[in-house]
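Hi everyone, thanks for coming. I'd like to walk you through one protein chain today, so please have the sequence and the structure open as we go.

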Amino acid sequence: MAAATASLYALTERDYERLARSTIPRPIADQFCFRVDDIEGATQVGQRLTAERLMRGIIFRYFSPWGGHERERRLRRDVPDASGDGKYIGPPDRPPLLFFPLLVNDEQFRAWLEDSAIPIVFVEGEKKALALMRIALANAVGGRPPFIVIGLAGVWCWKRKNGPLPDFDLIPWRSRQVSIFFDSNVHTNAKVRSARQALADELHHNRSAKVFFVEMPHDCELNGPDDLAYAHGDEAVLDCIEQAKPAIKPTAQPQKETIEERIRRGVFLRAAVANAQAAPDASELAKQTLGAKVWRRLAVLWAQAGKLEAEERDLLFTLHAMSDGEDEFDFYYLDLYRLLFPCDSSELDADGRLTSSARQRIRRRFDNLERAEQQGGIQFAIVRKGSRDDDGHHYPSHIRLLSLG
């Protein structure tokens, strides 16, 4: 990785001092950073220079672990916009990239990246990534670091409009321990918490990683892990990582319904049908059975779902009945199957789980509902499918119900 060319400005003593407060020593600073004036800064990141929008600052260089070439540059401006925005900016015509702190040669870093036994820690920004990777290398055992680091240009900068960045597909995630170590404002900023949870969901549900949250100490009054290392030493950062907590807790499987319970349920349902047929006011009976709140929600839903086929409407109403008045909840296919279809034990395998054909029957209902939503221009629900990890833990499906009026 070649150093910045002579035509570019060297870092100043003040730059080195600022980077040192992130525990970034001079050799690392010279490898990944160089200073630019307003004209050069605007040129480097393809931005327009104006009197109100100055571009002097420090450039951070992005190197690829798949070849070692420089693939991106991002500017930390000395003078952000008056609103406080735009402290860090990159090229406007392309999405952000993951920042890999290559403090070793690219082949070694790539080998660690491809070794799913080595944990990964996500942090916000280039400085924090460099600081944590320095700590990881300082604590390597037998040339093997306790973790490697990936930096994000922002809390949502792990994805594009249509999904995660392409780099995600080049990294083995299955059963890998992945920690997300965001800044201390994750405790006070709901948008940062949402971004952290979305990243955890992507890594766990779609890539089968074992995801953990690392928290800054609540009483330290510091921003990020680089500040923590500067104020209290590398050990304080390692202690936080050691105390990481699971981002997604497994939910215990619901207790299996016995034959006797099914018989009692059947008797109850037949009695309910008989009562409904004999009742002079079916609406009043529905209120008494479901509760006024759920009854009102279903009445609105009925008006919206009128063009749905019977099976899709049946699924939608069953989900709302399961929600017990909540907009979001977790559920298992087994519970939903028992509400939608007759059960005679043939739908279960030897372990008491739904057979593949029974699960497919449920999925077809959801697929049909999704197609009906697209055709009708009304979205009724957002569903995240459940999963099971390599340790046998079951995670339920999660649903958010929409269009309730």
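This is a predicted model: local features need pLDDT of at least 70, side-chain atom pairs count only at pLDDT 80 or more; totals for chains, interfaces and linings use all residues.

**A contact to start with**

D201 belongs to helix 6, which runs over residues 190–206. Is D201 buried or exposed? With a relative accessible area of 17%, D201 counts as buried, because the cut-off for that word is under 20%. Setting aside neighbours within four places in sequence, D201 has contacts with N206, I248 and R384.

Now let's step back to the whole chain. How many helices and strands does the protein chain have? There are 14 helices and 16 strands. The C-alpha trace spans about 90 × 55 × 40 Å along its principal axes. The radius of gyration of the chain is 27 Å, whereas a compact globule of 405 residues would come out near 22 Å. Of those 405 residues, 43% count as buried. If we take contacts between residues at least 6 apart in sequence, 65% of them join residues at least 24 apart. For those of you who think about surfaces, the chain exposes about 21,300 Å², and carbon and sulfur atoms supply 50% of that.

Next, have a look at R71, in strand 3, residues 70–77. What does the side chain of R71 make a polar contact with at 2.6 Å? The partner is the side chain of D167. The R71 side chain also reaches the backbone oxygen of L98, at 3.0 Å. R61 sits ten residues from R71 in sequence, and their C-alpha atoms are 7.9 Å apart.

From there, let's go to L132 in helix 5, residues 126–138. L132 is buried, and its relative accessible area is 0%. Among the residues it touches, not counting those up to four places away in sequence, are V121, V123, F147, V149 and F181. P225, V237 and I241 are on that list too. L132 also gives us a sense of distance: E312 is 180 residues away in sequence and 50 Å away in space, C-alpha to C-alpha.

E312 takes us to helix 12, where it is one of the buried residues. Helix 12 covers residues 310–323, and its 14 residues reach 20 Å from first C-alpha to last, close to the 20 Å expected. Other buried residues in helix 12 include R313, L315, F317 and H320. What covers them? The cover includes helix 11, strand 12, helix 13, helix 14 and strand 16. Just after helix 12, D324 takes a positive phi of about 55°.

Finally, helix 11 itself, residues 292–304: its 13 residues reach 19 Å, close to the 18 Å expected. The buried residues here are V294, R297, L298 and L301. Seen down the axis, the buried residues of helix 11 fall within an arc of 95°, so they line one face of the helix. As a reminder, an α-helix has 3.6 residues a turn, so residues three or four places apart point the same way. Which exposed residues does the face of helix 11 turned away from its buried side carry? Those are W302 and A303.

Terms used: Residues are numbered from 1 along each chain as its sequence is written. Side-chain values use heavy atoms; hydrogens and water are left out. Helices (H or I, at least four residues) and strands (E, at least two) are DSSP runs, numbered from the N terminus. The expected span of a helix is 1.5 Å times one less than its number of residues. Buried means under 20% relative accessible area, exposed over 50%, partly exposed in between (1.4 Å probe, protein chains only). The arc is that of the directions from the helix axis to the C-beta atoms. Contact means heavy atoms within 4.5 Å. The radius of gyration is taken over C-alpha atoms; the globule rule is 2.2 Å times the number of residues to the power 0.38. Accessible areas come from the Shrake-Rupley method with a 1.4 Å probe; for residues, only the protein chains shown count as cover. A polar contact is a pair of N or O atoms within 3.5 Å; within protein, one must be able to donate a hydrogen and the other to accept it, and residues adjacent in sequence count only if both atoms are side-chain atoms.
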